[in-house]
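Visitor: I am new to protein structures and would like to learn how to read one. Could we go through it together, feature by feature?

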Amino acid sequence: MTYEETLQFIDDAAAYGSVMNFDGINALLEKLKQPQKKLKFIHIAGTNGKGSCAKYISDIMTCAGYKSGRFSTPEVFCYEEKFTINGEFIPKDKLAYYYTVIKNACDRIVEEGANHPTLFEMECALSFLYFSNEQCDIVILEAGMGGRDDATNVICSKLLSVFTPIGLDHMAYLGDSIEQIALNKSGIIRNSNAVLTAMQDDKIIDILKKEAQKNRCILSISKFDPLFTSIKDDKILFSYKNISNITIESFALYQAQNAALAIDAALLLKEQGFNISNDDIILALKKSPSFGRFTPICKEYNIFIDGAHNIPAIIALKEAINHRFPNNRIIIVMGVLKDKAYKEMLNILKELTQDIICVDTKGVRGLSAKELYHYASQNFANAYCSKDYTDAVQYALRVSSKDSVIISLGSLSYLKNIYLEFMKFCKSGEYNGQN
């Protein structure tokens with residue numbers, strides 16, 4: 001297939017939906033001669049912070065001299081960013097090549113009378129095949145929305161299983177209580193050498209401990225104290241364990257927690273024989289900002305973008321905003337999917353501001369700006385229903401003032417478009433933040 005044909009194949013594959021079993025991924029990997037068995041994995045699950053933690057760990061391993069593959073979803077700017085080696089996206093020609101191999105394998109599976117593998121199963125298989133052929137030393141593998149029955153959990157051995165903060169999300173698939181969700185995600189512990197978690201609710205820790213004991217491995221807890229940090233300009237400076245002068249580019253304290261979790265992961269890998277120095281860790285974190293995590297997109301005008309799309313992430317973002325901009329007027333631009341707890345999210349955000357701009361999200365799971373506005377207008381004095389992304393950005397800039405902070409938040413699927421619209425106006429000079 002050509003690159004263009006590959007993108008069409010990917011679009012069409014959305015029709016295969018999602019499944020919570022290993023039938024499809026096992027059939028596909030059998031056709032591909034089990035590439036995952038040649039790789040060493042760090043498996044990451046959680047509700048928030050998976051992408052940031054995975055990137056931090058991958059960059060640490062790269063700085064330590066290892067060839068580091070990373071599979072992470074969803075993408076923001078281009079499809080290729082799901083598959084990276086040492087921070088570089090898979091080239092378009094290689095994406096087309098590997099999807100041709102995947103398609104041929106899927107065709108044989110269907111000819112044999114089985115169901116066609118889902119898009120996520122194909123993505124997992126492609127990552128294994130790509131990283132194996134490129135002889136990666138280590139792979140940082142981000143689970144999908146679950147854990148126990150997630151396609152990524154097909155791997156038969158793991159150096160380390162890592163849990164970022166677990167909260168309520170994807171309840172239609174994972175269960176409607178925090179205990180059910182934690183139990184589902186704890187399933188990635190199987191076949192692990194070691195287990196690491198961020199600080200969690202006691203109920204979640206108990207579940208992870210029991211699963212670790214069942215699999216005869218020890219649970220370590222990353223106990224990062226945000227009090228030992230300082231913020232200077234757009235950087236967070238902190239010390240952790242025996243490592244001093246750590247700097248990350250972020251306005252959000254929750255990113256320091258993600259970085260600390262990555263440090264603990266690196267230290268556990270060091271115990272397993274990997275050669276990782278403190279200097280490797282410091283260098284990796286310093287050069288490793290994560291997009292969509294309270295990211296400044298127009299620093300001189302205080303315009304930010306954040307992928308908060310569930311209750312725990314909204315709470316963390318609210319705390320970060322209050323800490324960084326305690327006395328500023330906040331203007332929210334929001335777009336979320338319809339299967340998210342957007343009503344509860346609005347209730348949290350109304351404590352932060354009375355200014356909100358509602359934006360459409362696309363696709364079968366998309367929520368219209370009109371429907372979001374219906375609920376927002378009941379809680380916000382200044383709610384606006386935008387016609388499209390351009391209208392949302394123009395309105396946000398029009399009503400802002402010199403001390404305003406504009407924060408576009410919500411589902412990652414719409415961040416690219418809203419980001420490009422903001423950049424268009426900031427670069428044109430049409431916005432001077434002085435209205």
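Predicted model: local features only at pLDDT ≥ 70, side-chain atom pairs only at ≥ 80, totals over all residues.

Visitor: What happens at the turn, and how many residues lie between the strands of the hairpin of β10 and β11?
Guide: There are 2 residues between the strands, and lysine 241 takes a positive phi near 55°.

Visitor: Which strands form the open sheet that β10 and β11 belong to, and in what order?
Guide: The order is β9-β10-β11, with antiparallel pairing. At the edges you find β9 (229-232) and β11, each of which pairs on one side only. On average, neighbouring strands of this sheet are turned by 25° against each other, ignoring direction. Now look for the helix: α9 packs on the sheet, where it touches β9, β10 and β11, and its direction makes about 40° with that of β10.

Visitor: I also see a sheet of 6 strands. What is its order, and what kind of pairing does it have?
Guide: This open sheet reads β12-β13-β17-β14-β15-β16, and its pairing is mixed. Its edge strands are β12 (295-298) and β16 (382-385), each pairing on one side only. From one strand to the next, the twist averages 25°.

Visitor: Let us turn to the rings. How many aromatic pairs are there?
Guide: The count comes to 17 aromatic pairs. To read one, check the distance between the ring centres and the angle between the planes. The rings of tyrosine 66 and phenylalanine 274 have centres 5.2 Å apart and planes at 70°, so this pair is edge-to-face. The pair links distant parts of the chain, 208 residues apart: tyrosine 66 is in the loop between α3 (50-63) and β2 (68-71), and phenylalanine 274 is in the loop between α9 (253-271) and α10 (278-286).

Visitor: Are tyrosine 66 and phenylalanine 274 buried or exposed?
Guide: Both tyrosine 66 and phenylalanine 274 are buried. For another arrangement, take phenylalanine 71 and phenylalanine 83: their ring centres are 5.6 Å apart and their planes are at 25°, so the pair is stacked. Phenylalanine 71 sits in strand β2 and phenylalanine 83 in strand β3 (residues 83-85), 12 residues apart.

Visitor: What is the relative accessible area of phenylalanine 71?
Guide: The value for phenylalanine 71 is 0%, so this residue is buried. Phenylalanine 83 is buried too, with a relative accessible area of 0%.

Visitor: Which residues do ring pairs link into a cluster?
Guide: The cluster holds Phe9, Phe71, Tyr79, Phe83, Tyr99 and Phe120.

Key: Residues numbered from 1 in each chain as written. Heavy atoms only, no water. Pairing = 2+ DSSP bridges. Helix = DSSP H or I, 4+ residues; strand = E, 2+ residues; numbered from the N terminus. Axes fitted to C-alpha atoms, helices over the stretch in contact; angles between N-to-C directions. Phe/Tyr/Trp six-rings, centres within 6.5 Å; stacked < 30°, edge-to-face > 60°. Buried < 20%, exposed > 50% of the residue type's maximum accessible area, 1.4 Å probe, protein only. Contact = heavy atoms within 4.5 Å.
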